[in-house]
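I opened the notebook to record what I looked up in this structure. The entries go by topic.

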Amino acid sequence: MIQLYNVSKIYPNGVKALNDVTLHIRKGEFVFLVGPSGAGKSTLTKLLCREELPSRGQVIINGRNLARMKNREIPYLRRKIGMVFQDFRLIPNKTVFENVAFALEITGASRKEIKKVVPMALRMVGLEKKAGMLPAHLSGGEQQRTCVARAIVNNPVLILADEPTGNLDPETSWELMKLFRDINRRGTTIIMATHAWDIVDAMKKRVVELSQGSVVRDEESGGYGYES
Amino acid sequence: MSLNTIGYYFREAAASLVRNSWLSMASVGTVIISLLLLGSALLLVLNVRHIISRVESSLEITVFLEDGLEEERLERLEEEIKFVPGVARVEFVSQDQALEELKKSFGEKAAILDGLEEDNPLPNSFRVKTRQAEMVPEAAVQLSQLEGVEQVRYGQGVVEKLLALTRWVRLWGTLTIAVLGAASIFLIATTIRMSVFARRREIGIMKILGATNFFIRMPFMLEGMIIGLVGGLVVVLLIYFGYLSLLNKVAMTLPFIQLISDPAVLYRVLGGLLGLGFGLGAVGSAISLHRFLRV
């Protein structure tokens, strides 16, 4: 589903973030991206949602070459990718329900459809009882689950999570990982950049390790494998 | 585009207007001032033109002739006058006719002119009309140079003054309005920029979620358009009622001045102002979004 061929990324300020990365990810896979800060994990996720273009090489998602994608096609690519961030990125003056509904609103969905689909997503993440609350009144874990609900409400083919447990305590992190695993079991591909070695070790999923912009390890059901 | 989406655009635009209420009001204010000036200048110019066109029909040049010209010479002179550029009509007024008319204008006191028939002091003259009021001064100069012409008179001053006024209004009015129009666009652009700035986080989230540029921009465009429309609407009301009361006052105190009272002309001016307000808002937003919301 996702293919990267000899991808390099050099930022205008001269920083070499990725160096000749070739990577294939099949539909339905759960992939951890690990490696020290500055190894290129974030750059890789940015390339996948077309926030950045590769300096060299090709990024292909579902047969579409992102470099050849026209600007006006980018929003439609992003609607197929659910994004989860370390800092949640919720809109503070919207309730949980409204935050999740927003992902549908921007696609021009009708009220009827929103009323039908949003509660389903909230039930999936276990927040149906907090639908009317503002993000500020939620715990970190609940905010992140809101973010996950927003990411899955569009039925994306891919979820990109950039250190989703970075701001959460261990127990909450585990609950969130169970949620991701459930979502993955329903067929959604998940790519997760993380520093949480205990989670990576326990999940027994594919691990891609980056170091200084290169893939140094790629193994099925691997462990975290380096000291941070 | 669903109804929900359109509702979203309006809700967001309204929220931004309220959030930056001071700047929004300042923008509306400049739109009002510039459109008010434009509207007033426009009505002034239209009215002056209207008055001139009415004066025009009664405006004629009187060409007084030297005494003792022969019949043949008079006929030749009439032909020459017809060839002067701008001349539309020529009419010969003999000494006797001139005296008759003078008597008429004296009405009951015409008796004091009795006895002048014997030794009429009035000269023969031609009454000349030009096609347009603007042509009068030029034609008058040429007519005065013809042989056998003693003196040329016309509503001296009135035409020049009216024309000078319209020219003055056109020049300074255009300049002032251009400057004020630019100021309104600038302020609207600033307002929109503030709105964009206040919501840059939200815009970032919208991009991530896959919102189209159109969707992101629309509420901001709408915000500028609302500012322009509100300003335009205020101006339309001000000018409409202001002009009606002006018409009333003029009709009472200066009944000989006929201002434009044709509703069709008035509505066209007001409609134009409203449209222009809308346009100012749209251009202001577009400039701001072009510069500050590269998506």
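This is a predicted model: local features need pLDDT of at least 70, side-chain atom pairs count only at pLDDT 80 or more; totals for chains, interfaces and linings use all residues.

**Entry 1: six-stranded sheet, chain A**

I began with strand order. An open sheet in chain A has 6 strands, ordered 6-7-8-3-9-10, and its pairing is mixed. I found strand 6 (81-85) and strand 10 (214-219) of chain A at the edges, where each pairs on one side only. Direction ignored, neighbouring strands of this sheet are turned by 15° against each other on average.

Strand 6 of chain A runs parallel to strand 7 (residues 158-162) of chain A, and 5 bridges link the two. In that pair, G82(A) is opposite I159(A) of strand 7. I noted V208(A), whose bridge partner in strand 10 of chain A is D218(A). Strands 9 and 10 of chain A form a hairpin with 2 residues between the strands, and Q212(A) there has a positive phi near 50°.

**Entry 2: four-stranded sheet, chain A**

I looked up another open sheet in chain A, with 4 strands in the order 2-1-4-5 and antiparallel pairing. Its edge strands are strand 2 (16-25) and strand 5 (64-65) of chain A. Strand 1 (residues 2-10) of chain A pairs with strand 2 of chain A over 6 bridges, in the antiparallel sense. I2(A) has I25(A) of strand 2 opposite it.

Which helix lies across strand 1, strand 2 and strand 4 (56-61) of chain A? I found helix 1 (residues 41-48) of chain A there, running at about 120° to strand 1.

**Entry 3: salt bridges**

I searched the whole structure and got 16 salt bridges over all chains.

R64(A) bridges to E73(A), with the closest N and O atoms 3.3 Å apart. R64(A) is partly exposed, because its relative accessibility is 36%. E73(A) is also partly exposed, at 21%.

E209(A) and R217(A) make a salt bridge with a closest N to O distance of 2.9 Å. Are these two residues buried or exposed? E209(A) counts as buried because its relative accessibility is 10%. R217(A) is buried too, with a relative accessible area of 17%; the cut-off for buried is under 20%.

In chain B, E202(B) bridges to R199(B), the closest N and O atoms being 3.6 Å apart. E202(B) is buried at 12% relative accessibility, and R199(B) is buried at 3%. I also noted a network in which salt bridges with shared partners join R26(A), E29(A), R206(A) and D218(A).

**Entry 4: chain B**

I counted 9 helices and 4 strands in chain B. Along the sequence, the pattern is α-α-β-α-β-α-β-α-β-α-α-α-α. Of the 295 residues in chain B, 42% are buried. I took the contacts in chain B between residues at least 6 apart in sequence, and 85% of these join residues at least 24 apart. The accessible surface of chain B is about 16600 Å², and carbon and sulfur atoms account for 63% of it.

W168(B), L171(B), W172(B) and L175(B) make one of about 470 Å². I placed L171(B) in helix 6 (residues 158-198) of chain B.

Methods
Residues are numbered from 1 along each chain as its sequence is written. Chains are lettered from A and ligands numbered from 1 in the order in which they are written. Side-chain values use heavy atoms; hydrogens and water are left out. Two strands pair if DSSP finds at least two bridges between them. Axes are lines fitted to C-alpha atoms, for helices over the stretch in contact, and angles run from 0 to 180 degrees between N-to-C directions. Patches are made of residues with over 30% relative accessible area and no salt bridge: like charges are joined within 9 Å, nonpolar side chains (Val, Leu, Ile, Met, Phe, Trp, Tyr) within 5 Å. Accessible areas come from the Shrake-Rupley method with a 1.4 Å probe; for residues, only the protein chains shown count as cover. A salt bridge is a side-chain nitrogen of Lys or Arg within 4 Å of a carboxyl oxygen of Asp or Glu. Buried means under 20% relative accessible area, exposed over 50%, partly exposed in between (1.4 Å probe, protein chains only). Contact means heavy atoms within 4.5 Å.
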